[in-house]
Amino acid sequence: MGSVSGLRVPAAPFVVPGPTGVTVRDRLKDLADRDAEVLRLVGAHLGALASRDLKARCANGLGHSARSWAGRKRVLTPESSSRWAGAVTKASHDQWALGRRCQAAHVQELEAGMRMLRHRLSLPVRAKGSKRAPGGYRSRREWHAKSRRLALLEARHAAAVADWRAGRVRVVRGGRRLLNTRHHLADAQLTEAEWRERWEAERCFLSADGESGKRYGNETIRVTPDGEVSIKLPAPLAGLANAPHGRYALSSRVRFAHRGSEWADRVETNRAIAYRIHHDPTRGRWYLTASWQISLTPTVPLEVALAQGVIGVDTNADHLAAWRLDAHGNPVGNPRRFFYDLSGAADHCDAQVRHALSRLLNWAKTCGVAAIAVEDLNFQAEKTREKHGRKRRFRQLISGMPTGKLRARLASMADRTGISVIAVDPAYTSKWGAQHWQKPLTSTTRRSTRHDAAAVAIGRRAQGHPIRRRTAPPPQHQSDAAGHRTAQARPDALGREGPRPRVPGPRTRCVPPGREAKAGDQRAQHRSGYAAELEIWQQDSLPLSLQEWFHYASG
């Protein structure tokens with residue numbers, strides 16, 4: 001959306017809704033060799049059924065219906081069970097839907113790249129760009145190469161759109177990246193046996209949806225309140241059972257340290273809990289993941305969340321820049337920075353993000369603030385290589401920022417602490433923050449960065465205040481007739497027109513300390529209609545020198 005000035009009109013801030021589900025995980029410790037072998041056999045058998053069902057689901061495409069879904073389930077039931085068949089078909093449908101969403105995102109990315117290529121190709125060679133759009137290409141050779149790339153993207157876009165309209169989705173169970181690693185084992189520093197172990201672990205299927213009213217909330221993968229895990233074996237593997245009714249009980253016990261009381265309450269009341277057993281071949285460990293739905297926490301009104309101020313947070317590639325603001329939009333105290341390292345594996349990056357958010361939430365609780373403002377970032381258009389072709393480091397920097405993961409993690413973790421998360425439009429926050437706040441917030445003892453100033457801008461936008469600091473008007477005289485120097489408070493804020501707080505000590509050398517301490521107290525002044533005018537008045541006696549002078553003048 002544009003405006004008369006040509007700038008984009010920022011969207012209104014909103015409170016991010018809380019999570020709707022919970023996931024906890026525990027390790028299956030001291031697992032016997034027999035148990036691990038049974039889990040591998042069951043997972044491989046159900047994984048083969050899942051691969052076959054996913055192929056059938058992708059073949060149906062847009063012709064999917066409840067009747068075809070029921071038919072696929074009837075085909076899988078004799079080779080597993082009715083509940084296992086339901087879990088497999090549901091997982092296939094979810095996988096197809098995920099591939100469909102990724103396909104739509106791929107089409108949008110291709111369209112953004114083609115728009116940028118057409119724009120730059122329409123400009124003369126070596127044409128200068130602006131802050132909003134890049135210019136032409138540097139040479140005729142680069143222009144020719146980019147014209148060929150435009151033709152390539154147009155062909156890819158046509159194929160992707162054709163697949164989208166036909167409902168054709170290409171999905172690889174186990175991951176396409178791991179599949180391509182098979183052809184580059186030397187680069188991945190893996191042997192064929194190690195790769196095969198990872199491939200089989202990813203294609204293993206040991207997931208079961210919960211059912212409310214059933215024993216312990218799940219009939220397929222059952223976990224008792226004391227931590228005993230048992231699995232309903234598929235029909236071809238029923239001979240491996242070591243428990244009644246075709247079940248296999250594991251020798252390992254689980255105990256969920258995180259949200260364990262909530263899990264125990266659901267188990268004892270037979271409420272639905274979904275379980276998933278998965279194997280980590282790099283560590284040689286088995287894990288059990290439990291998940292369930294929770295009631296959505298009522299969203300706090302924006303005015304209530306901002307009653308005690310807000311903490312503005314600017315997201316960067318290696319740290320979170322935060323600054324606390326009071327209810328009137330004034331920065332309080334010093335800025336805080338919460339660093340994290342996103343280099344390494346995905347688990348390490350996720351742990352770094354969670355650690356930084358934990359420190360941020362602990363600081364918010366210490367300050368007594370009930371709201372945290374973050375930017376509603378979306379780098380889908382900015383990540384295209386056509387806009388920042390030569391700036392490879394910049395593209396890698398933008399792609400590495402965990403915008404979506406950070407916001408989802410923050411909303412989930414803040415829901416447990418009672419702190420609301422407010423999403424604001426990121427338009428011009430860094431630019432206007434540095435322009436209006438970086439220099440005023442810098443002193444001899446504090447050096448404010450551009451990111452700190454952006455955090456102040458984000459917090460003020462969440463509160464509804466303008467980011468720009470209004471400059472002081474020229475005063476007519478020494479009083480406050482010129483009006484307020486900055487637009488910090490709302491027009492309807494109580495005490496906005498009241499006297500300013502007196503700073504202890506003299507303002508100049510000629511004013512003694514404590515003078516004009518009651519300048520704003522109307523009752524302390526001799527003005528009409530106030531109690532000071534009704535006091536008993538008595539003139540003090542004149543000095544002796546003045547009395548003699550009056551006597552001489554009157555004589």
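Start by selecting N362: with 42% relative accessibility, N362 counts as partly exposed. On this scale, buried means under 20% relative accessible area, exposed over 50%, and partly exposed in between (1.4 Å probe, protein chains only). N362 sits in helix α10 (residues 346-367). Helices (H or I, at least four residues) and strands (E, at least two) are DSSP runs, numbered from the N terminus.

A word on the model. This is a predicted model, where local features need pLDDT of at least 70, side-chain atom pairs count only at pLDDT 80 or more, and totals for chains, interfaces and linings use all residues. Residues are numbered from 1 along each chain as its sequence is written, and side-chain values use heavy atoms, with hydrogens and water left out.

**The sheet**

Select β2, β8, β7 and β3. These 4 strands form an open sheet in the order β2-β8-β7-β3, with antiparallel pairing. β2 (21-27) and β3 (207-208) stand at the edges with a single partner strand each, so one side of each has no neighbour in the sheet. Two strands pair if DSSP finds at least two bridges between them.

Zoom in on β7 (residues 274-280) and β8 (residues 285-293). They pair in the antiparallel sense over 7 bridges. Pick R276; opposite it in β8 stands T289. Then pick D280, whose bridge partner in β8 is R285. β7 and β8 form a hairpin with 4 residues between them. Click on G284 in the turn: its phi is positive, about 70°.

Go to the other neighbour of β7. β3 and β7 run antiparallel and are joined by 2 bridges. Here S207 has R276 of β7 as its bridge partner. Is β7 buried or exposed? 5 of its 7 residues are buried, so β7 is largely enclosed by the rest of the structure.

Select helix α1 (residues 33-60) and helix α2 (residues 66-76). They pack at an angle of about 160°, with their axes 11 Å apart. Axes are lines fitted to C-alpha atoms, for helices over the stretch in contact, and angles run from 0 to 180 degrees between N-to-C directions. α1 and α2 are therefore roughly antiparallel to each other. Angles under 35 degrees count as roughly parallel, over 145 as roughly antiparallel, 65 to 115 as roughly perpendicular and the rest as oblique.

Show the side chains of the contact (heavy atoms within 4.5 Å). From α1 come L49, R52, D53, A56, R57 and N60; from α2 come S68, R72 and L76.

On the α2 side, the contact is made by W69, R72, K73 and L76. On the α3 side, look for S82, A85, G86, V88, T89, K90, S92 and H93.

**Two loop residues**

Move to R126, in the loop between α3 and α4 (140-166). Its phi is near 65°, a positive value in a residue other than glycine. R126 counts as exposed, at 64% relative accessibility.

Last stop: Y428, in the loop between β13 (420-424) and α13 (429-436). Y428 is not a glycine, yet has a positive phi of about 65°. With a relative accessible area of 22%, Y428 is partly exposed.
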